[in-house]
Amino acid sequence: QVQLVESGGGLVQPGGSLRLSCAASGFTLRNYAIGWFRQAPGKEREGVSAISSGDGTTFYAGSVKGRFTISRDNAKNTVYLQMNSLKPEDTAVYYCAADPRVLYSSNWYADHVYNYWGQGTQVTVSS
């Protein structure tokens, strides 16, 4: 049974950092593309970052590029999202998602690409 569990969310002040984790079970994570998405109240879910299976090509939304870093620990079957210089507009529920298909610059941010989803973790950036 494929399962994804996010953790690491919380309340942080603007300019602070958080590291989100996405722990996978029931499949070998390195064989899957993993995406991070977020959804703020009243807004549509948006792609934040993704990492391809195999060579680990990474993708970032323009709004987080240079501040967020996605990485994968194959030994722990876990993907991380390091979030630095957080802003109030980063406040949202963050979800990780997985799929065995190949990611491209034209599809990584589309939520319909991913078949498996975690339950989400809340990130609140506020002073």
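1. Start with the surroundings of Arg72. Beyond its neighbours within four places in sequence, Arg72 is in contact with Leu29, Arg30, Tyr32, Ile51, Ser52, Ser53, Gly54, Gly56, Thr78 and Val79. Keep in mind that the model is predicted.

2. Next, place Arg72 in the fold. Arg72 belongs to strand β7, which covers residues 68-73.

3. Is Arg72 buried or exposed? Arg72 is buried. Yet Arg72 has no salt bridge. Asp55 is the nearest side chain of opposite charge, and Asp55 is 6.7 Å away. A salt bridge needs a side-chain nitrogen of Lys or Arg within 4 Å of a carboxyl oxygen of Asp or Glu.

4. Now turn to the cysteines. How many disulfides does a search of the whole structure find? The search finds one. The disulfide joins Cys22 to Cys96, with an S to S distance of 2.1 Å. The pair links distant parts of the chain, 74 residues apart. Cys22 sits in strand β3 (residues 18-25). Cys96 sits in strand β9 (residues 92-99).

5. Two details complete the picture of this link. The link of Cys22 and Cys96 is right-handed, with 70 degrees about the S-S bond. Both Cys22 and Cys96 are buried.

Key
Residues are numbered from 1 along each chain as its sequence is written. This is a predicted model: local features need pLDDT of at least 70, side-chain atom pairs count only at pLDDT 80 or more; totals for chains, interfaces and linings use all residues. Side-chain values use heavy atoms; hydrogens and water are left out. A disulfide is a pair of cysteine sulfur atoms within 2.5 Å. Helices (H or I, at least four residues) and strands (E, at least two) are DSSP runs, numbered from the N terminus. Buried means under 20% relative accessible area, exposed over 50%, partly exposed in between (1.4 Å probe, protein chains only). Lys and Arg count as positive and Asp and Glu as negative; His and the chain ends are not counted. Contact means heavy atoms within 4.5 Å.
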